[in-house]
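Let's go through this one by asking a few questions and working out the answers. Have the model open as you read.

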Amino acid sequence: MRKLKIFIAMSLDGFIAKPDDDLSFLKAVEKEGEDYGYEAFTSGIDTLIIGRKTYDYVVREIGSQHYDNGSNDVYIITRKPKPRKGKTIFYSGDLKELVLKLKSESGKDIYCDGGAEIIHQLLVQDLVDELIISIIPVLLGEGTRLFKKGRPEQTLKLQSIKSFETGLVQVNYLRNRIKSL
Amino acid sequence: MKKQGVTITVHMVASVDGIIARPDNSISWFETGHPFEDGEEAEDPTAFLKSIDCYVMGSKTYELAMELSKDYGWAYGDKITIVLSHRKFEDDRPHIVFWEGDLQNLVKDHLSAKYKSVWVVGGAEVVNSLLQLKLVDEIRISLLPILLGNGLRYFDFLPEENKLKLLKAKAYKNGMIDLHYAVNQ
């Protein structure tokens, strides 16, 4: 079955952005020719799920082609339905229903690119299968947290850990749904 | 003023979502049960713990450690343990020292003269204050492969940004990872 994956960067104290969507802390790990596995990761997915606010931010900062490259199915989770635009679908129905339907279909894996609210809902409903977290060597102190409270306990299985010259550490966890003794 | 001689290390064991204690303080989540085949064997803790001179903790961490010691024994051996508190506790053990004074004085006048390697083992308030006073040299975080979802966060809204330098990252066979950073002061 297709997996739902999260690929995201956070500070050591768990923030994915400073207040006002400030992502400048990521500049500290930018390095010519180093994409921290992003391209390899995105080559394994063909469907994206994105929160509306994150989508608006990316469209404004980078452009809509960042998600809609002509072959990916892009689902924007929003309260206000809008007509589809190319392969971009504005979805206002039940999130779990959508994820279960997508997982049951054939294809490459599914990538949720945030934001924090959508990730929270996916974790609460135990729909995330793999977490790839890039830990940035900084304590930001405040901002948007990757992990909000109010989730059930979930055991993980460490798949890999990789550290880079820039001090970024990338960890890959699988959701482990098999109960241990 | 910069302290001399002593290295102050903040250490925490947390879940991947940054939580150090379940709402009910139970610690069965330390048993991971999901091995990581490529991981290293755990270090011999006795040799490693020997290098630590002195522990520092806040009063709530002390109370939790006392509670846990009923079932698991006191986790810090007979090493000097300084408990930061304005409250009075009954504890006759000679290696437990209560400190109600200023943190900066503790580090400058007391710790830097006597010790080489001091480990601060919690909680969040103590760590926040030490970071704010620029008294932390290193941070070591052990992350266990679990999302706890609720409970006490270790880093809870620090007053300012702190840049870090990665010293080492490694994984153990039990699925725990160890992240070791220097604090750029």
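Q: Which residue in S11(B) does B:Ala169 stand opposite?
A: Keep in mind that this is a predicted model. Strand S10 (residues 162-171) of chain B pairs with strand S11 (residues 177-183) of chain B in the antiparallel sense, over seven bridges. Look across from B:Ala169 to S11(B), and the residue you land on is B:Leu179.

Q: Which strands are the edge strands of the sheet of nine strands?
A: The sheet is open and its pairing is mixed, with the order S8(A)-S10(B)-S11(B)-S7(B)-S1(B)-S6(B)-S3(B)-S4(B)-S5(B). An edge strand here pairs on one side only. That gives strand S8 (138-139) of chain A and strand S5 (96-99) of chain B.

Q: Which strand gives the most to the side of chain A that touches chain B?
A: There are 30 residues of chain A in contact with 29 residues of chain B. On the chain A side, S8, strand S10 (154-163) and strand S11 (169-175) each supply at least two residues. With seven residues, the top contributor is S10(A).

Q: How many Å separate the centres of domain 1 and domain 2 of chain B?
A: Domain 1 of chain B is built from 1-23 + 31-46 + 131-158 + 165-185, while domain 2 covers 54-115. Nine residues of domain 1 are in contact with eight of domain 2. Taken over C-alpha atoms, the separation of the centres is 20 Å.

Terms used
Residues are numbered from 1 along each chain as its sequence is written. Chains are lettered from A and ligands numbered from 1 in the order in which they are written. This is a predicted model: local features need pLDDT of at least 70, side-chain atom pairs count only at pLDDT 80 or more; totals for chains, interfaces and linings use all residues. Two strands pair if DSSP finds at least two bridges between them. Helices (H or I, at least four residues) and strands (E, at least two) are DSSP runs, numbered from the N terminus. Domain bounds come from an automatic or database domain assignment. Two residues are in contact if their C-beta atoms, placed from the backbone, lie within 7 Å.
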